[in-house]
Amino acid sequence: MTIVYEDQDGQAASDIPARRIKFVINGQKMIAEVEPRLLLSHLIRRGLALTGTHMGCDTTNCGACTVLVDGRPVKSCTMLAVQADGHEISTVEGLATASELHPLQEGFKEEHGLQCGFCTPGMMMAAKALLDANPDPTEEDVRWALSGNLCRCTGYQNIVKSVLWAAAKLRAESGEA
Amino acid sequence: MSQALDEIKIGGLGASRKRVEDNRFIRGKGNYTDDITLPGMLHMEILRSPLAHARIVSIDASKAWDIPGVHLVLTGEMMATRNLAWMPTLSYDTQAVLATDKVRFQGQEVACVIADDPYIAKDACEAIEVEYEALPVIVNPEQAVAEGAPVIRDDKENQQDNVIFDWEVGDAAGTDRAFEQADVISKLKLHYPRSHPSPIECCGSIADFNRATSKLTVYMTTQAPHIIRAAVALVAELPEHMIRIISPDIGGGFGNKVPVYPGYVCSILASILLERPVKWIEDKTGNLISTGFARDIYLDGEMALRRDGKILAVRMHCDSDHGAFFSDAQPSKFKIGLLHSAFAAYDIPVAHLSDRGTYTNKAPGGVAYRCSFRVTEAMFFQERMMQAAADDLGMDQAEFRRMNFVRDDDFPHRTPFGFLTDSGQYAKCLDVGLKAVGYEDFRREQTEARKRGRLLGLGISTMTEPLGAGNSREYDILGIKMFDSADLKVHMTGKAIVRTGARGQGQGHETTWAQIVSHELGIPADDIVVEEGDTDTAPFGMGTYASRSTPVAGAAVAMVSRKIRAKARKLAAHLLEVSEEDVEWELGRFYIRSAPDRGVTIQECAMAAYSNMPDGMEPGLENTAYYDPPNLTWPFAVYIITVEVDPETGVWDVLKTVAVDDCGVRINPMIVEGQIMGGLTEAYAMANMQFITFDADGNCVGSNYMDYLLPTAWETPGFELHSEVVTPCPHHPIGAKGIGECAAVGGPAAFVNAVIDALSGMGVRNIDMPLLPDRVWEAITYHRDVSGAPPVRSDD
């Protein structure tokens, strides 16, 4: 993160330790200079202005900040940005293409799987990791896969339906292909 | 002849229209407060008290000032020089913004730091040295009124003890007389534990004071932006027209985002002092330990009964714990909210309710957490008392309720506490629920299972909730009457924008308000955009909480649409060259009564309003409506839950959840069902795991999501919803009633009743929520009631 300080008695920004990291986010290669203590979630939100990754609890409980790191769901508030060095990150902004929504995005809208929308990006990323590994999950599989993500609005029933809707659509698409 | 419009196809009333707001949320393109970055923006963090009750000996912030990147350290002493160390609450009390004399609860705001970066601000908070002198701590009302208890609010003149108010309603003498006539008196003591609404998004604000224009813009997580504007104008003494409150997307509210919090005030002052935007985003612990809690109230209830099951009278005494400052967000006339809505669905001749409110060393709040001002407690107490009374009489739970219901032909009905209920089909809802759960079969199965040592239980809860405050005669907040508003502008091509004084937080206003306009004007819902939350553009309104949006703001949307239609009728008569009396309306079109094939569409009228209006008519097609409802709306619901309790561990599983909701006309059935399922989940949470408690030193147990348990997709049961009973509200323009909170209000008692029912014959009358496995196990093992009141034991 670039921070400009007032230079007080010789203490200046140059005294702040910084590390250079390279990573890929949503398919794009990036380089960043970061404080070693910077959280990955803050790099994504503030450094890259990808504000779709939300922060709810700072303690790895709520899952709103879930992103994929090398395809695995990770709560980005508990991973340091420097740990992303050399890795590939996907966020909610990478789900859709310019012209087409991802079936998970369509499913959440079709089945009313969101209300306030705050947990939704994390839910969809956790669900994507599930569907990538298991294209034909049961309701129980979905509930277990999402059990690290909290929602206060929906009661989960429609979220589960949304994920199953997406799974069915993805299977149909791959059958066509 | 033109084809009449299909209302469902154009997204009108009753269409399960897909939500408009989803388009941005599913792409990660929502715009929540923390997503906003302004040029030159600084970051604020709050230093909180580690102690629940302590005198502040000294605060030394010099090391914090020395950290590069720190711009400002605010303390209570500095706030006091600007007369901002204290602020008024929504219940005519005062609340410390930053502590000056002493801290009164763990997590109270002591100082804050504004820096270039939030990490630096946090470092600087840790560098502030505060010396405290610990004082004795009070964590429940019993301690608060005990002989020799320390006076928590020694800042207030004339406050000699910890009592905030004694409030009563009903007929005490008549109730006493009725109790003398009783065959059976049923008694129950309960604690409804302290809870926290805990939206996933915490509170936050970005204050942006511009010296050049003198304008203060505040982006903030508020459910009631206009109330905030008024509060800032009155507290900070800034001119109201120079204050703009913008409530962007809100990541859940549930009542937590109604009050004014110290963090908002400090960010505003900091921005004024520094002349730069200042962002404050609370962390989860700060949210859970300092912002608006809910519930925390004790009941001592009695019911006078005739042997045949008729309820003769109800007497309720309550003790409510309000924390260190009386900052309940509620209508000012009612000190303990609408707790006296209890028993509104039952035909009870006389009743009395009293409540003593006390200060304790706990966070202030008393917000309406997914409920219309303490209605959740009212319905919980009511339905737990109903269960105990039926058991005492040896009567069937369903029949006891049915025989005491207000009957369909008894409306309007005056409740013993003075409310006027106006509509409902209570017995029908119960019948639908009993059939859906398979009541008789379940009772047989339950008896059989018990013989084999399995504990099955069934719990019934009914609820009727007074939703949609005003009317303005009875309901105000800080003297501001509780009405709401809508503003509708129809553009010349027939597209439109509607704005209201409400502020949704997931309820889907952007979708449903357009549906109401569509129903009234025949403009396709996709041609109508909805905007809320900006005080510079939205008409004045009281905001969204207490399920008041559809009953009040939604009604205003219908009324403003009718004003537009009245003007469009004049335009139609002009275009059709007939007199207005000869013009008839059908959805989306005016036509000549005697020649129905000659007509003009609403879109053609809109174009005429800008291009071809009759002589003397004011151009344009826009209007505003302020709506003051004649009464509250009274939805009704029956929730029936079945459970199985494991006698070895006390763990209980939900077998079936049946919800029968009669909320009148449903604008968007899909959204209504989403609201009900969300409410049921919060009900399950409160019954099963979710509570905030304290140890004897006032340490908050439940200060993070590892201690404050919320159900996940894994634990949450599935729900079966029933919508076949529809009793339109007689006074709402489209017959709708509130719904957002019903299941959270009525649900908890159904879960608890089910578990208590499973333990029948064991001498267990009550287990306080949440029904944690250890509590249920204790009840089963020792055949006794289990209290959950704080302080918790140190080994818990």
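Please keep in mind that the model is predicted.

**Chain B as a whole**

Let us start with the overall fold. Chain B holds 19 helices and 34 strands. Its C-alpha trace spans about 85 × 75 × 50 Å along the principal axes. A compact globule of 796 residues would have a radius of gyration near 28 Å, and chain B, with 28 Å, agrees with that. Of its 796 residues, 61% count as buried. Among the contacts in chain B with a separation of 6 or more, 79% are between residues 24 or more positions apart.

**Domains**

Chain B is divided into three parts, listed here with their residue ranges.

| Domain of chain B | Residues |
|---|---|
| domain 1 | 22-28 + 484-627 |
| domain 2 | 41-135 + 202-250 + 257-290 |
| domain 3 | 294-469 + 631-782 |

The C-alpha centres of domain 1 and domain 3 of chain B are 38 Å apart. Where these two domains of chain B touch, 18 residues of domain 1 are in contact with 20 residues of domain 3. On the domain 1 side, the elements giving two or more residues are helix H14 (509-521) and helix H15 (549-576) of chain B. H15(B) gives the most to that side, with 7 residues. By class, the domain 1 side has 8 nonpolar, 9 polar and 1 charged residues.

**Helix H19 of chain B**

Helix H19 of chain B covers residues 773-782, and its buried residues are B:Val776, B:Ala779 and B:Ile780. Viewed down the axis of H19(B), these buried residues fall within an arc of 95°, so they line one face of the helix.

What do the buried residues of H19(B) pack against? Their partners are strand S30 (636-645), strand S31 (652-662) and helix H18 (742-758) of chain B. Just after H19(B), B:His783 takes a positive phi of about 50°.

**A sheet of three strands**

Chain B also has an open sheet of 3 strands in the order S6-S2-S8, with antiparallel pairing. Its edge strands are S6 (102-103) and S8 (129-134) of chain B, each pairing on one side only. Strand S2 (residues 54-60) of chain B is joined to S8(B) by 6 bridges, and the two run antiparallel. One residue pair to look up is B:Ile56 and its bridge partner in S8(B), B:Tyr132.

**Where chain A meets chain B**

The contact takes 47 residues from chain A and 46 residues from chain B. Helices H2 (103-110), H3 (120-133), H4 (139-145) and H5 (157-176) of chain A each supply at least two residues of the side that touches chain B. By class, that side of chain A has 20 nonpolar, 19 polar and 8 charged residues.

A:Tyr156 sits in the loop between H4 and H5 of chain A. Is A:Tyr156 buried or exposed? With 29 other C-beta atoms within 10 Å, A:Tyr156 is buried, because 20 or more such atoms is the cut-off. Leaving aside neighbours within four places in sequence, A:Tyr156 is in contact with A:Cys151, B:Ala713 and B:Thr716. The C-alpha atoms of A:Tyr156 and A:His102 are separated by 20 Å, and the two residues are 54 residues apart along the chain.

Key: Residues are numbered from 1 along each chain as its sequence is written. Chains are lettered from A and ligands numbered from 1 in the order in which they are written. This is a predicted model: local features need pLDDT of at least 70, side-chain atom pairs count only at pLDDT 80 or more; totals for chains, interfaces and linings use all residues. A residue is buried if 20 or more other C-beta atoms lie within 10 Å of its own, exposed if 12 or fewer, and partly exposed in between; C-beta atoms are placed from the backbone. Helices (H or I, at least four residues) and strands (E, at least two) are DSSP runs, numbered from the N terminus. The arc is that of the directions from the helix axis to the C-beta atoms. Two residues are in contact if their C-beta atoms, placed from the backbone, lie within 7 Å. Two strands pair if DSSP finds at least two bridges between them. Ala, Val, Leu, Ile, Met, Phe, Trp, Tyr, Cys and Pro count as nonpolar, Asp, Glu, Lys and Arg as charged, and the others, Gly among them, as polar. The radius of gyration is taken over C-alpha atoms; the globule rule is 2.2 Å times the number of residues to the power 0.38. Domain bounds come from an automatic or database domain assignment.
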